[in-house]
Amino acid sequence: MKRLKGRVAVVTGAASGIGRATAMCLARRGCRLVLADLDEAELASTRDMLPREAHPSLHRVDVSRIEDVERMRDEALSAHGRVEIVVNNAGVGVAGTFEEQSLEDMQWLFGVNFWGVVHGCKVFLPELRKADEAHIVNISSILGVVGVPMNSSYCASKFAVRGLSESLRAELEGTRIGVTSVHPGGIATNIVAKSRFAPGSSAEQTRERAIEVFKGFMAPEQAAERIVRGIRRNSRRVLITREAHLLDAGQRLSPRATGVLVASAWRRVVERMTR
């Protein structure tokens, strides 16, 4: 997008992590904000961090429910009159082997991670078409490029987001709407703390240590800068962190070898964390 100042941007999962950081980054560039999350207290904290010029409107939204997303759209249009940027960021995790994860947990995860993105794109696309320029950002993951153990449902949802984003971008080629698929590696968010863990699994045993490990990853603010740069450049994909670039390159050059290395490395990590 040539201009960000004065644009109205929707950010889901804006109560913390990448969502909060992206909202703050967009605000610094002059955007007005529509902020969505289920955590109203933390959403209010995000609002308090923003400049008054961002005119943030807050919306309690379960993105897995189309009714909630439609209500957010109506409230956003009432408050701001238009929408030009949509950042589908809300996400959750389920840890455990495929056999350990329950179908209920998998359905919950897909409701947020995949259907939340579908709902955001579907509901706001007609509004984006009215703009002189518009952009959709869908947060996938490097686990939407490479599958890893203990995260089968998360990987499946992020692969789906990647596929949706690439197809949608192809459909919108030549229009005024850009689509960017974002693939972060390790980012210091609270997704592990809020994830569901299969009871009694090795993943559950490593939960507290995994939370500590995540604190040492890249700051969400750095990830947000790269996301906003992707909007400005109309990037097809944005890879964030060194390991994301390495895994993406490995998957292109030798998928089989990369898969073997990832599985081996993951086993070593789990062994160290369960000692």
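Let's start with the salt bridges: this structure holds 19 of them. Please keep in mind that we are looking at a predicted model.

Here is a pair to find on your screens. Arg 196 forms a salt bridge with Asp 105, and their closest N and O atoms are 2.9 Å apart. Arg 196 sits in strand S8, residues 196–197, while Asp 105 belongs to helix H4, residues 103–113, so this pair ties together parts that lie 91 residues apart in sequence. Are these two partners buried or exposed? Arg 196 has 34% relative accessibility, so we call Arg 196 partly exposed. Asp 105 has a relative accessible area of 15%, and that makes Asp 105 buried.

Now move on to Arg 236, which forms a salt bridge with Glu 166; here the closest N and O atoms are 3.5 Å apart. Arg 236 lies in the loop between helix H9 (220–233) and S9, and Glu 166 is in helix H6, residues 152–171, so the pair ties together parts that are 70 residues apart in sequence. Arg 236 counts as partly exposed, at 44% relative accessibility. Glu 166 is partly exposed too, with a relative accessible area of 30%.

Next comes Asp 248 with Arg 237, a salt bridge whose closest N and O atoms are 3.1 Å apart. Asp 248 is in helix H10 and Arg 237 in strand S9, 11 residues apart, and the pair links distant parts of the chain. Both Asp 248 and Arg 237 are buried.

Which residues are linked in a network of salt bridges? Take a look at Arg 7, Arg 82, Glu 84, Asp 132 and Glu 133, which are linked in this way.

While we are around S9 and H10, let me show you Thr 241. You will find Thr 241 in the loop between strand S9 (237–240) and helix H10 (242–253). Why does Thr 241 count as buried? Its relative accessibility is 7%, and the cut-off for buried is under 20%, so Thr 241 falls in that class. The side chain of Thr 241 makes a polar contact of 3.3 Å with the side chain of Glu 243. Leaving out residues up to four places away in sequence, Thr 241 touches Gly 185, Gly 186, Ile 187 and Met 218.

Let's turn to the sheet. How many strands form the open sheet? There are 7, in the order S3-S2-S1-S4-S6-S7-S9, and the pairing is parallel. At the edges you see S3 and S9, each of which pairs on one side only. On average, neighbouring strands of this sheet are turned by 15 degrees against each other, ignoring direction. As a reminder, strands of a sheet pair through backbone hydrogen bonds, either parallel or antiparallel.

Strand S2, residues 32–37, runs parallel to S3, and 4 bridges join the two. Within this pairing, Val 34 stands opposite Ser 57 in S3. To get from S2 to S3, the chain passes through helix H2, residues 40–49, in a right-handed β-α-β crossover.

One more pairing before I hand over. Strand S6, residues 134–139, and strand S7, residues 177–184, run parallel and are joined by 6 bridges. In this pair, Asn 138 stands opposite Ser 181 in S7. Thanks, everyone!

Terms used:
Residues are numbered from 1 along each chain as its sequence is written. This is a predicted model: local features need pLDDT of at least 70, side-chain atom pairs count only at pLDDT 80 or more; totals for chains, interfaces and linings use all residues. Side-chain values use heavy atoms; hydrogens and water are left out. Buried means under 20% relative accessible area, exposed over 50%, partly exposed in between (1.4 Å probe, protein chains only). A polar contact is a pair of N or O atoms within 3.5 Å; within protein, one must be able to donate a hydrogen and the other to accept it, and residues adjacent in sequence count only if both atoms are side-chain atoms. Contact means heavy atoms within 4.5 Å. A salt bridge is a side-chain nitrogen of Lys or Arg within 4 Å of a carboxyl oxygen of Asp or Glu. Two strands pair if DSSP finds at least two bridges between them. A crossover is right-handed if, with the strands pointing away from the viewer, the path from the first strand over the helix to the second runs clockwise. Axes are lines fitted to C-alpha atoms, for helices over the stretch in contact, and angles run from 0 to 180 degrees between N-to-C directions.
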